[in-house]
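Me: I'd like to learn how to read a structure by eye. Could you walk me through some features, one at a time?

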Amino acid sequence: MQHLKDRRNRHRIACYQTWEAQLTDYLFKKGYEKGGFGPVAWPDRWLFRDFLARYQSSIGGQESELLRELYLSTGIHTSLPRRLRDRDAKVRAQAAKEIAAFRLDEPAEHVPPPVAERPWRWKPGLRMEGYLDQVLPLLNDPVPFVAHTAALALTQSRNLKFAAPVLAWVMREELYQRERLLRVLEGFGPTLLPWMKEHLESPDQNPDPWILFALLVGSHRHRESQPRLLWLLDIPNVDLRASVLKALIILADPSVYQKVLGFASSPAWEIRTQVARALGVLGGPSAVPDLLPLMADPVYEVRRNAAQSLVDLGHSGVSALTWLAEDPSADRFARDIARERLEWADERGHL
Amino acid sequence: MTRRWPAQTTVLVVEDDQATAKIIQVRLEMEGLRVLVAANGLEALEILDHEKVDLVTTDLMMPAMNGFRLVQEVRDLPPPKGRVPILLLSSNHSEQDMVRCLAAGADDYMAKPISVQVLVERLWRLYERSHRAG
């Protein structure tokens, strides 16, 4: 068994070495005008696919188009519909990944001759359409990593016709998982945000997708969506408000300070925790008087965030913390957290 | 515009993915450049110690020493080595990363997947700018 593996590995290395030299000629020395890449043995076509896929995440532009043409010329793509329904989960996931990596739903712009003459050779001008539609059912795959790979393939296409099914797939997950899946939705790019504004149900009826909206505004730093964030802040939902505040912290627009300050006395600690961070970021040194009451909050998270905001403000914030830490008449909670954060900052050389 | 690289202009390509490094190396060599390849930041610093390098292009995510740290280390070197133009390549497109890298002293930033043609053009611009600045 080991002997067989070693032999395969040696063969793979030998193939890769040969192909690497051929590939650079093909890409840069107009190899595609002189009759193609050269023959690839029929049993090595899967190896060749893996070889080409290695470049897809790092090489773009014209070279990427040429790599795609090479892939198409192997004819492997014709087996994708079958592989997407294979019994083996790894094969299904690999097929979805392949469709995304080689962007099979896009038309080819450069059509070099195929690797070798074959009956199924890639015909110039033929548009490869509909592969991603076949990936769509994999969102319901019982194996989580297959569904995840399918979602990634769909979002990487940046085609918003897949936004609704991918969003529905994310919404089927638990709330804590959804934040993790935000990376998948980010693949659509910031154009997903206007789509969400237009297509999501009202936040009064269904606030959950709007939580993702707020978090996406933050991750894309989409300042154009700030008015919608402020509107969402008026929806009485704790998780939604906390997510909106997180996004406002990232956008860091001081003009929303007063609106955020209004939530400093919210009964929900999750909201106060975010407010404690937001005030420091949005208000600068002038936020010190508003942060001090939060230092005496009954919830530790809120106190810690308020103290951290004061540390981050520099001289004015640290002076306030030092005064609190040394004032015997100050609230015990406030005094303790002030001391804790000052020690923390001192250990890290922030003072 | 035609690029006229002076003879023996040396580019250090720091990239842990050998396949990508090879593609970049061949393309730059076609430009008439001398290309040195390092697999991580530590190897790059060693090369910089012994060789005269005119331009550096580095990946961000690498084992042993990442691109961000490499930029910081290079900028701590005495001139002229410490002033070598650096172009960062990264597959992480976050604005935060870009700002962090440029603040650390990188001269330019490109998000992967990169077009090798654009990379050559950016390197040329960096070279021109650094030579005009003296």
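Reply: Let's take this one feature by feature, bearing in mind that it is a predicted model.

Me: Let's start with the interface. How much area is buried between chain A and chain B?

Reply: The size of an interface is often given as the accessible area lost when the parts come together. Here about 1,500 Å² is buried between chain A and chain B, with carbon and sulfur atoms giving 64% of that. As for who takes part, chain A puts in 16 residues and chain B puts in 16 residues. On the chain A side, the residues that lose the most area to chain B are F28(A), S58(A) and R221(A), and together they make up 36% of what that side buries.

Me: And charges? How many salt bridges are there between chain A and chain B?

Reply: Side chains of opposite charge can pair when their charged atoms come close. Between chain A and chain B, though, the count is zero salt bridges. Over all chains, the structure holds 25 salt bridges.

Me: Show me one. Which residue forms a salt bridge with E301(A)?

Reply: That's R304(A), and the closest N and O atoms of the pair are 3.4 Å apart. Both residues sit in helix α17 (residues 300-312) of chain A, three residues apart, so about one helical turn separates R304(A) from E301(A).

Me: Now helix packing. At what angle do the axes of α18 and α19 of chain A cross?

Reply: Look at the axes first, then at the side chains between them. Helix α18 (residues 315-326) and helix α19 (residues 332-347) of chain A cross at roughly 125 degrees, and their axes come within 8 Å. Because of that angle, α18(A) counts as oblique to α19(A). The crossing of α18(A) past α19(A) is left-handed.

Me: Which residues of α18(A) and α19(A) meet?

Reply: From α18(A) you have V318(A), L321(A), T322(A), L324(A) and A325(A), and they meet A334(A), R335(A), A338(A), R339(A) and L342(A) of α19(A). Sort the contact of α18(A) with α19(A) by class and you get seven nonpolar, one polar and two charged residues.

Me: Let me try another pair. How far apart are the axes of α8 and α10 of chain A?

Reply: They are 12 Å apart, with helix α8 (residues 163-171) and helix α10 (residues 192-199) of chain A packing at an angle of about 80 degrees. That angle is why α8(A) is called roughly perpendicular to α10(A). In this contact, A163(A), A164(A) and L167(A) from α8(A) meet L192(A), W195(A) and M196(A) from α10(A). By class, the α8(A) and α10(A) contact has six nonpolar, no polar and no charged residues.

Me: Last topic, the backbone. Is the peptide bond from P79(B) to P80(B) cis or trans?

Reply: For a peptide bond, omega is the angle to check. From P79(B) to P80(B) the bond is cis, with omega near 10 degrees, and P80(B) is in the loop between α3 (67-75) and β4 (86-90) of chain B. The bond from K112(B) to P113(B) is cis too, with omega near 0 degrees. You'll find P113(B) in the loop between β5 (108-111) and α5 (116-133) of chain B.

Me: What about phi: is the value for Q8(B) positive or negative?

Reply: Positive, near 65 degrees, in a residue other than glycine. Q8(B) lies in the segment before β1 (10-14) of chain B.

Terms used:
Residues numbered from 1 in each chain as written. Chains lettered and ligands numbered in written order. Predicted model: local features only at pLDDT ≥ 70, side-chain atom pairs only at ≥ 80, totals over all residues. Heavy atoms only, no water. Axes fitted to C-alpha atoms, helices over the stretch in contact; angles between N-to-C directions. Helix = DSSP H or I, 4+ residues; strand = E, 2+ residues; numbered from the N terminus. Parallel < 35°, antiparallel > 145°, perpendicular 65-115°, else oblique. Left-handed = near helix turned anticlockwise from the far one by under 90°. Contact = heavy atoms within 4.5 Å. Nonpolar A, V, L, I, M, F, W, Y, C, P; charged D, E, K, R; others polar. Buried area = accessible area lost by both parts, 1.4 Å probe. Salt bridge = Lys/Arg side-chain N within 4 Å of Asp/Glu carboxyl O.
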